[in-house]
Amino acid sequence: VQLQASGGGLVEAGGSLRLSCAASGSISEIHGWGWYRQAPGKQRELAAAITSLGRIKYADSVEGRFTISRDNAKNMAYLQMNSLKLDDTAVYSCYVVGTTTGGGISTTWGQGTLVTVSS
């Protein structure tokens, strides 16, 4: 299973960015997606996650500003980030949990993408 992450970059405070994550390869069923983030000097935290049933979890710090979604037909997930704050500056890493064609359950990570929010 491969995971290709895209999006991120530099944005002014109050602006918006969208992160995307695309799964490919030997995955037969996706059970969930998510993004973790890690800011400099801080612990990694789960920013948002969505299950195949549509259950969503957000970190308190992004609730109401970030929206996670998925496109089952395209095996993709998105993280729309609005009203970005300086504290949102972090490396964002997406993951996908799925059943492989071999029958096992795997968690695959995409490459981290840097989101920098400037004042």
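Analyst: Contact means heavy atoms within 4.5 Å. On that basis Tyr92 touches Leu19, Trp35, Tyr36, Arg37, Phe66, Leu79, Met81, Gln111, Gly112, Thr113 and Val115, leaving out residues up to four places away in sequence. The model is predicted, so local features need pLDDT of at least 70 and side-chain atom pairs pLDDT 80 or more, while totals for chains, interfaces and linings use all residues. Residues are numbered from 1 along each chain as its sequence is written, and side-chain values use heavy atoms, without hydrogens and water.

The structure holds 1 disulfide (a pair of cysteine sulfur atoms within 2.5 Å). This disulfide joins Cys21 to Cys94, with S to S 1.7 Å. The link is right-handed, with 50° about the S-S bond. Cys21 lies in strand 3 (residues 17-24) and Cys94 in strand 9 (residues 90-100), so the pair ties together parts 73 residues apart in sequence. Strands here are DSSP runs of E, at least two residues, numbered from the N terminus. Both Cys21 and Cys94 are buried, meaning under 20% relative accessible area with a 1.4 Å probe, protein chains only.

Next, the core. A nonpolar core is a set of buried Ala, Val, Leu, Ile, Met, Phe, Trp, Tyr and Cys residues joined through side-chain atoms within 4.5 Å. The largest has 29 residues, and Trp33, Trp35, Phe66, Leu79, Met81 and Tyr92 touch the most other members. Among the elements that give two or more residues to this core are strand 3, strand 4 (27-38) and strand 9.

Conventions: Helices (H or I, at least four residues) and strands (E, at least two) are DSSP runs, numbered from the N terminus. Buried means under 20% relative accessible area, exposed over 50%, partly exposed in between (1.4 Å probe, protein chains only).
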